[in-house]
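Q: Could you walk me through how to read the disulfides and the chain contact here?

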Amino acid sequence: MSSTSGNATTPPAAPSDTMVRSKGKSRTGLYAAVAVIVVIIIVLAAGYAAGWFKTSSTKSSTTSCTSPTPAVLSGAGSTLVAPLMDQWSAVYTASTIGYSAVGSGAGINDITAKTVDFGASDAPLNPAQRAAVPSPGVNTIPESAGAAVPIYNLPGISGHLKFTGQILAAIYLGDITNWNNSALQAVNPGVSLPVASIVVVHRSDGSGTTFVFTSFLSASNSTWKTAYGHSTTINWPVGVGAKGNSGVTETVQSTVDAIGYVDINYALTNGVAFGAVQNPAGNFIVANITNIASAIRDSNVVFPSPTGDWYNVTVENAPGAGDYPMATLTYLFVYTDLGVAYGSSMSQTTAENLVNFLLWIVGSTGQSYAAPLYYVPLSSAAVTYDTTTINSITYNGAAIPTCVPS
Amino acid sequence: MTRGNPFPPRSSRQILRAPKWGDRIFFALTMLGALGLAGIIIAMVVALVHGATPAFDQIPFTSFLFGRIWDPGGCVNGTSTCVYGALPFIAGTLITSTIALLLAIPLSLGAAIFLTQHAPMWMREPVAQVVQLLAAVPSVVYGFWGLIVLVPIMRYDVNPVLAHDLGWTGLFGGPTNIGLTVLTASLVLSIMTVPTITAISRDAMEAVPRSQKEAAISLGATPWEVTRRSVLPYSRSGIVAGIVLGLGRALGETMAVTMTIGNRNAIPLSLLSQGQTIPSLIANDFFEAITPLEIPALMEMALFLLIITLAINLGARLILARLQLGRGAATE
């Protein structure tokens, strides 16, 4: 800085004297930019070699029908079936499927608002939700199945602890408060249950898992049925709430003497130990894909009409000797007439894409992806029912031609 | 002798050069930004009010405000009517935030005083940076830490002692076999608000001019008296601002609370029972709302929370203003 005396009467020195510029411009910026560009080129080249840019040119083969131009389909809903949906989306190349796992309730809201082509939920539409759906109404299409399993944290106990519906209901009502209760001891002879109070854990958020669990409690215990019923959200009398299957698992696993319930898919995927539940035949069943599938089959459930009330449809307490009693279906919701529902925003092509995709999901190819991901495939009766329902979907009153990829 | 300027400049803007087009654009952009922010807040309030309108229409206000039962599924599963009572969540929010602040304020003020008055010079900056790091930790991480680390400590070490020794106060009743309690959530919240209050209080205290402190020292004050009589009164407004900011964070904290409070939709009768707060309830119930009235009811509760926050903010500013008036020439 040039020196100035107190009362500055001399003008400050000209800028060119005081600001010394470095010799030549700095090249750091240039080098940085070149380096970034080189890195990007290398990454893109590696990606090309790895096949990032190959559009899927493998079209699924179809049998002698002309498949429609591929369209983009959108769905939203259950987080539980999201892994299965993602698998289906990846494998099914005749359309582009975008699925948002925002939760069953949000999925139902979205299909009600007609912002998605199909909604997915772990629980059927309750009467209030069904009344909110605008004309022409939605079809309820079971696309997969699941179950709820009881989990617990008792360090001294090995093997699978046995429960009955009555006992579970009593625990969640707060009637049974200790692990060494006589009813629990009676179904677990030879097991030394600890003298400790039960820490009850339930879901704090709404969930289809809660729906199936409380349906089972309602079927097992009339006090529970009249006081709390079955729903995705319950006004729990006792217990601690945890968010999500992961929250319940985390809470139970870090709290000794705790009991909770999670979905079978979550339990199998994450290796969570769970207990056995007594079925109507009197046997204590440890859930797996096979005995849940047989429960769906043996339940001989009578489906209502696709647009009817599904809230009391149950595949629980199937009569077979080896059936798991706490099973449930998961559902897709699709409008009965796509042209009337969506108007000009759904073209005939998109409608055909949607129907083909739905038929593929419930067909043998789509259902074959369920078991490896620990989802339960549909029974053949359910598949037949679904196929009829999907074939009944119309576009502005006219039947939609189908051409399902194999 | 200089003659007085007949046209004294009224503001610094007037003695700048006439703005060129670049300045005008800059002025317009910054004004857009500032007004836009204010507009966003107004838009949020309007959206909340609009979303909550069905709840205002269909749920009587007193039964909403003082209702103790939250059962939005009752009319769906056929057991009872749908009841929307917000009292448990308002109580839970206020209780957890109050306890969080009660625990956080002494800790943060102590830290700020230590960092500005008593710490050796080499220690001040690093410790301050570490405390500010706490503010950068995401709230989910706090919740996770609370669930994994704090909950077992509370269950096995702290809660039995509290229930046994301090049970006579009536605050620590109930079963102690789980660490997911209102107290645990309040502890996590207090740790989350400490960095906010510490940072702002520290800034306020560092702004105290040396002349103030030196004057006190020259009159024979001990270090504590210097702090109490010179530093704290001078930085009062900054400290209160920091506390209000911390309270805002505590009131709105969602994930950390959901993971540690036990999510029980009832008024907590003891610090060792489970409870629920408004943000945690919204996080739990929003996506799976099963009746058409549930989301409007949640929005009404969110509006409530907003009003409580604004009221506390306003109240703090009013108190500050009265304090400023009282001190008069002490402020510059």
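A: Gladly! A disulfide is a pair of cysteine sulfur atoms within 2.5 Å. This is a predicted model, where local features need pLDDT of at least 70 and side-chain atom pairs pLDDT 80 or more, while totals for chains, interfaces and linings use all residues. Residues are numbered from 1 along each chain as written, chains are lettered from A in the order written, and side-chain values use heavy atoms, without hydrogens or water.

Q: Which cysteine does Cys65(A) join in a disulfide?

A: Cys65(A) joins Cys403(A), S to S 1.7 Å. The S-S torsion of Cys65(A) and Cys403(A) is about 85°, so this disulfide is right-handed.

Q: How many residues does each chain give to the contact?

A: Contact means heavy atoms within 4.5 Å. Chain A gives 41 residues and chain B gives 29 residues.

Q: How many salt bridges are there between chain A and chain B?

A: A salt bridge puts a side-chain nitrogen of Lys or Arg within 4 Å of a carboxyl oxygen of Asp or Glu. Between chain A and chain B the count is 0.
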